[in-house]
Amino acid sequence: MIGGLLDRANVDAVLNDLDEYAVEEALRIAETHGGNEEGGPNTVTVISMGPERATEAVRKALSMGANDAILISDPKLAGADALMTAETLSAVISKNQYDIVICGTESTDARMSVVPAMISEKLGWAQLTFASKVEVDPSAKKTSITRVTEAGVDEIVAQFPCVVSVVEKINEPRYPSFKGIMAAKKKTIEICDLASTGASVSTSWSAVLDAAPRPPRAAGVVITDDGSGGTKFVDFLAEKKLI
Amino acid sequence: MSNVLILADFVDGKATKSTVEIATAGARIGEVSAVVMAPIGQGAALSATLTQGPITKILIIESDDFAKHGVAAVADALSHVANQSKPDAVLLVSHAFGKEVAGRVAMKIQAGIITDAVDVAADCYTTQLVFGGSTTVHSKVSQGISIITVRPNTITADFIAATPAIENVSVQISENAKKSTITSSQPPVKGGRPELTEANIVVSGGRGTNGDFAAVENFADSLGAAVGASRAATDAGWYPHSHQVGQTGKTVSPQLYVACGISGAIQHRAGMQTSKTIVVINKDPEAPLFELADFGVVGDLFAVLPPATEGVKARKA
Ligand SMILES: Cc1cc2nc3c(=O)[nH]c(=O)nc-3n(C[C@H](O)[C@H](O)[C@H](O)COP(=O)(O)OP(=O)(O)OC[C@H]3O[C@@H](n4cnc5c(N)ncnc54)[C@H](O)[C@@H]3O)c2cc1C
Ligand SMILES: Nc1ncnc2c1ncn2[C@@H]1O[C@H](COP(=O)(O)O)[C@@H](O)[C@H]1O
């Protein structure tokens, strides 16, 4: 079993904090089911799409214990939208034999929470997203998750291969050990460009036209409670016609 | 004439206010057809709750695969309708389910997707707030159909009476969309309070409540408000996770947000920064959330909230 795994290196080239949970969960699955040695049956590959300086973030995942990594880096991918991101990642995933792809639920920069579902659609793999718990049964090639969203709690099962996304409550990501950091220096990061992924789209379909900082909020009134704070608060609400 | 598809959103068998909001946004672009995905035999009953909003047509699709296979099955059926009716835009509600359906539809029909719009114009030009609400961005899909998810409570709903034509559509769900199976489903536990993302007023409590949410709840009830919580409060088990506001909880943008005993970490701000009016009650005058406050009270929430609750009740009486 190979836990293929995604993480995104954001603008600051730090590992997207929500993706640390994905790295951690992939490592736990690999460790639970037969070791995580090089060439062993259960390996974790980190796949990331981002600028070359994202290497640092990928290295962090390697120092946590992932075996190897693929970084898709290409100026043509600058400002890629969700569709282009998902197409490119899917192309890379489908070149290898993964059983499970684990993502975070959202990237700290884009915060769309759509990429995992889009990859699942593209690859035709089962979608097991917003997981607060993941259980893998390698002999039955089955993954079960508990999905937690505002719509409630669902138990979902599927056969391999599947795309999982994990919420931040799922685990406590480990800190890389000194040994892990040293070992990560020797691990391979394969850097590839867009053309070599074989992805079918080459332009984004949605575009940001302009961006502007919002005007700062006008400074408000702050009072110190002297026993009349509650009443003054209600006066404020009435004045603003909020009651 | 342009036409727009919206995916009708239901909670407890009733169309939500968010459904009326996306219909309102859709009507700016063109004629709105609302797609109702229902278990077999329940399409008519669900559609009957779509009584408000500028909706011209209702398309009912009945299948038990929606409850069994979730997001993938709904996206499969919606893509099918989109391929048939070639809309200019497909609008959905921006919650986990709506966004994932939107993502799959975008991939399936190869269309551009924009999530978390807070406004949508007639030419599908959208407004989004990014980086925790600090920056306004305008985006547009450059070609083909625009798939847009709209954040609840950001568009003023047009509650005109709907008198739509009703059409039944039959769709065969593809095998690809049945690869994961939902074996059990538990709806969120709901009190009598409004839904957090839809509420006009949200009153939230944090670590400062020390586990006692009674004062926060009583004040919320005096205003007919929803109750939210910081992650410190949900992690401690003081309040259900479904009420968490913030980066990894819900994003709310009510008319009024009242934060009680919440310090104002960046992750909390990300979920409430776009509220129209913000009130902060905190005993520490240095609490960073005061920076966002339109009105702040430096004081003990247990001393400030009870008289405020009485004050609101007195004014409403
Ligand atoms: C990846 C990640 C995601 C996160 N996501 C979220 C999220 O979605 N939502 C979220 O909220 N947080 C989130 N956090 C946590 C966030 O960083 C803060 O730890 C959290 O918001 C703190 O909650 P708090 O303000 O209630 O607690 P504290 O920071 O401990 O603040 C408590 C405040 O209460 C005040 N207080 C104490 N007693 C009283 C009293 N009697 N009356 C009045 N005031 C009183 C204190 O002065 C203090 O300011 C996340 C963190 C991480 C790392
Ligand atoms: N450029 C990327 N490289 C690798 N993984 C990504 C990338 N973009 C998104 N993802 C994955 O998809 C998840 C959701 O991202 P998003 O849909 O952008 O919120 C992230 O937590 C990552 O696991």
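Select B:T16 to begin: B:T16 is buried, with a relative accessible area of 8%. Buried means under 20% relative accessible area, exposed means over 50%, and partly exposed lies in between, using a 1.4 Å probe and protein chains only. What you have open is a predicted model, in which local features need a pLDDT of at least 70, side-chain atom pairs count only at pLDDT 80 or more, and totals for chains, interfaces and linings use all residues. Residues are numbered from 1 along each chain as its sequence is written, chains are lettered from A and ligands numbered from 1 in the order in which they are written, and side-chain values use heavy atoms, with hydrogens and water left out.

**Stop 1: around B:T16**

B:T16 sits in the loop between β3 (14-15) and α1 (17-29) of chain B. Helices (H or I, at least four residues) and strands (E, at least two) are DSSP runs, numbered from the N terminus. Which residues does B:T16 touch, not counting residues up to four places away in sequence? Select B:D9, B:F10, B:V11 and B:E198 to see them. Contact here means heavy atoms within 4.5 Å.

**Stop 2: one loop of chain B, two residues**

Now move to the loop between β13 (201-205) and α6 (214-223) of chain B, where you will find B:N210. B:N210 is exposed, with a relative accessible area of 63%. Its phi is positive, about 55°, although B:N210 is not a glycine.

B:F213 is found in the loop between β13 and α6 of chain B as well. Is B:F213 buried or exposed? At 5% relative accessibility, B:F213 counts as buried. Leaving aside neighbours within four places in sequence, B:F213 is in contact with B:G205, B:V227, B:G228, B:A229, B:A233, B:W238 and B:Y239.

**Stop 3: an overview of chain A**

Colour chain A by secondary structure and look for 7 helices and 11 strands. Of the 243 residues of chain A, 55% count as buried. Among contacts in chain A with a separation of 6 or more, 69% come from residues 24 or more positions apart.

**Stop 4: a helix pair within chain A**

Select helix α3 (residues 82-95) and helix α4 (residues 115-123) of chain A: their axes come within 9 Å and cross at roughly 55°. Axes are lines fitted to C-alpha atoms, for helices over the stretch in contact, and angles run from 0 to 180 degrees between N-to-C directions. α3(A) and α4(A) are therefore oblique to each other. Angles under 35 degrees count as roughly parallel, over 145 as roughly antiparallel, 65 to 115 as roughly perpendicular, and the rest as oblique.

To show the contact, pick A:A82, A:L83, A:T85, A:A86, A:E87, A:L89, A:S90, A:I93 and A:S94 of α3(A), together with A:V115, A:M118, A:I119, A:K122 and A:L123 of α4(A). These residues divide into 9 nonpolar, 3 polar and 2 charged. Ala, Val, Leu, Ile, Met, Phe, Trp, Tyr, Cys and Pro count as nonpolar, Asp, Glu, Lys and Arg as charged, and the others, Gly among them, as polar.

Stay with α4(A) for a moment. How many of its 9 residues are buried? The number is 8, and α4(A) is mostly covered. Just after α4(A), A:G124 takes a positive phi of about 70°.

**Stop 5: a helix pair between the chains**

Next, show α7 (229-239) of chain A with helix α9 (residues 301-316) of chain B. The axes of α7(A) and α9(B) come within 7 Å and cross at roughly 40°. α7(A) and α9(B) are therefore oblique to each other. Their contact is made by A:G229, A:G230, A:F233, A:V234, A:D235 and A:A238 from α7(A) and B:V304, B:P307, B:A308, B:G311, B:V312 and B:R315 from α9(B). The residues of this contact divide into 7 nonpolar, 3 polar and 2 charged.

**Stop 6: two backbone details in chain A**

A:K241 lies in the segment after α7(A). Phi of A:K241 is near 55°, a positive value in a residue other than glycine. At 72% relative accessibility, A:K241 counts as exposed.

Finish at A:P161, in the loop between β7 (152-159) and β8 (162-166) of chain A. The peptide bond from A:F160 to A:P161 is cis, with omega near -10°.
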